Amino acid sequence: MSKQSKNPETIALHGGDYRSDPATTAVAVPIYRTTSYQFNNTGHAANLFALKEFGNIYTRIMNPTNDVLEKRVAALENGLACVTVGSGQAASTFAIVNVCQAGDNFVSSTDLYGGTVNLFTHTLKKLGIEVRYADPSDPKNFEKAIDEKTRCFYAETLPNPYLRVFPIKEVSDIGRKHNIPLIMDNTAAPIICKPLDHGAAVVVHSLTKFIGGHGTVIGGCLVDGGNFDWTADPKRQPLFNEPDMSYGGAKWGEVVPQLTGANVSFAVRARVCLLRDLGAPLAPDNAWGIIQGLETAPLRMKQHCSNAQKVVDFLQKHKNVDRVIYPTLHKGVVGDRAKKYFSGGNGALIGIEVKGGVEAGKKFIEALKMFYHVANIGDARSLAIHPATTTHSQLSEEELLAAGVTPGYVRLSIGIEHPDDIIADLKQALDASGKPSLKAVS
Ligand code: PLP
């Protein structure tokens, strides 16, 4: 686009600098299935490796198909640069490892995806990186957990099961006072929320969910907001201020703005150090699959959100539902955050407590005919899961409650089917959940 649009519908199709394939003028983004790229001459090769010139070297680190996706997602998030990786999990891992080394710590919200909890609590601990959990119901809890070794804050915009929108500005303001960047996992709220506009420094996504949108591809990315000064307090951010001996003594916080003219040190370090050393690139075929999803993601998000609101209205009136959990239904300041941070909808995720506990929750799931029973969110199809008998089945009753999973709790990810059909399926399954089973009667 000659003039970059701010509208997500346009960015999803035209964002970045791809107009057509430079070699063939093909309009649709081609899949560049290549591992490597021919250098023009030895000087060109040397310049690329020394970062004196930017260009393609090897697909573990960069690829032209991925580049189109990266530029579009960066534009969609109002960021300056983006790095794609093989999964959302890899994106969360890279986000932390890009700022923390052994002996460091970071402060994370307690409201998190279970896979992220495992990564933070167990795997990063084994690497010598300590997570300190803070309850986001009071943003000051983040400040209380800081010490001189704290390198970043981490949170999710719209975490389930509680679906309490995270206090992005409140926590990023605290972080900025201490030169600590806030990293936001925005997987559940793309397009409707832009955490970088509210002070976050980095956004990560599982592209597997709403952005890919069709349940066909696993992928992830990190978006650098370009709004954080990595050199303001060298002791706070050693990985950006001490010489990196794996790259000729580069000080990433200084050298990247000098070389690129842009404040994208976080993205460049993630690409040239972490993709180089840890691997985990997004395959170009998968980048292409995600681009197909991205091109209609703004349209789909509108439909996801409008369907979800209709489903919420229906569920609130159904006699077999004890409670409906949705961002706007929280009382007070937590409910107000949906208004403050979301625009164009409140997301596709809904929690319900089916009356009658575990048995009723199970019956409800088994009675669904159109919804898929899967451990996923953000598919174009409607999805449901009963955590007490699946993802959280190893937990004790106490642990379940601490995780916000009551026995009858069911998570719904509302798809883009016609809302009447979604509601009809939920209605017949809820009606069935309240009926005594034949076994119980006999
Ligand atoms: N972040 C959130 C909020 C998720 O829900 C998930 C997966 O469910 C992930 C990250 C991990 O993403 P992926 O499955 O692409 O590795």
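The domain assignment divides the protein chain into domain 1 (8-293) and domain 2 (298-441), with bounds that come from an automatic or database domain assignment. This is a predicted model, in which local features need pLDDT of at least 70 and side-chain atom pairs count only at pLDDT 80 or more, while totals for chains, interfaces and linings use all residues. Residues are numbered from 1 along each chain as its sequence is written, and side-chain values use heavy atoms, with hydrogens and water left out.

The C-alpha centres of the two domains are 31 Å apart. Their contact takes 33 residues from domain 1 and 39 residues from domain 2, where contact means heavy atoms within 4.5 Å.

What lies inside the protein? The largest nonpolar core has 61 residues, and Leu69 and Phe153 have the most contacts inside it. Such a core is a set of buried Ala, Val, Leu, Ile, Met, Phe, Trp, Tyr and Cys residues joined through side-chain atoms within 4.5 Å. Buried here means under 20% relative accessible area, exposed means over 50%, and partly exposed lies in between (1.4 Å probe, protein chains only). Helix α3 (residues 64-76) gives the largest share of this core, six residues; helices (H or I, at least four residues) and strands (E, at least two) are DSSP runs, numbered from the N terminus. At least three residues of the core come from each of domain 1 and domain 2. Phe153 touches, among others, Val107, Phe142, Ile146, Val171 and Ile174, leaving out residues up to four places away in sequence. A second, separate core of 43 residues includes Phe94, Ile96, Phe106 and Ile129.

Helix packing can be followed next. Helix α7 (residues 168-177) and helix α13 (residues 332-341) pack at an angle of about 85°, with their axes 10 Å apart. Axes are lines fitted to C-alpha atoms, for helices over the stretch in contact, and angles run from 0 to 180 degrees between N-to-C directions. The two helices, α7 and α13, are therefore roughly perpendicular to each other, since angles of 65 to 115 degrees count as roughly perpendicular, under 35 as roughly parallel, over 145 as roughly antiparallel and the rest as oblique. Ile168, Lys169 and Glu170 of α7 meet Arg337, Lys340 and Tyr341 of α13.

In helix α11 (residues 284-294), the buried residues include Pro284, Ala287, Ile290 and Leu294. Their cover includes α1 (8-14), α3 and α12 (297-317). Thr59 sits in the loop between α2 (42-49) and α3, and counts as buried at 15% relative accessibility. Thr59 and Leu282 are 223 residues apart in sequence, yet 9.1 Å apart in space, C-alpha to C-alpha.

Two further residues can be traced around strand β6. Asn186 is placed in the loop between β5 (182-185) and β6 and is buried, at 0% relative accessibility. Apart from neighbours within four places in sequence, Asn186 is in contact with Glu77, Thr157, Cys193, Pro195, Val203, Val204 and His205. Ser206 belongs to strand β6 (residues 202-206) and is buried as well, with a relative accessible area of 11%. With neighbours within four places in sequence again left aside, Ser206 is in contact with Gly88, Thr187, Gly219 and Gly220.
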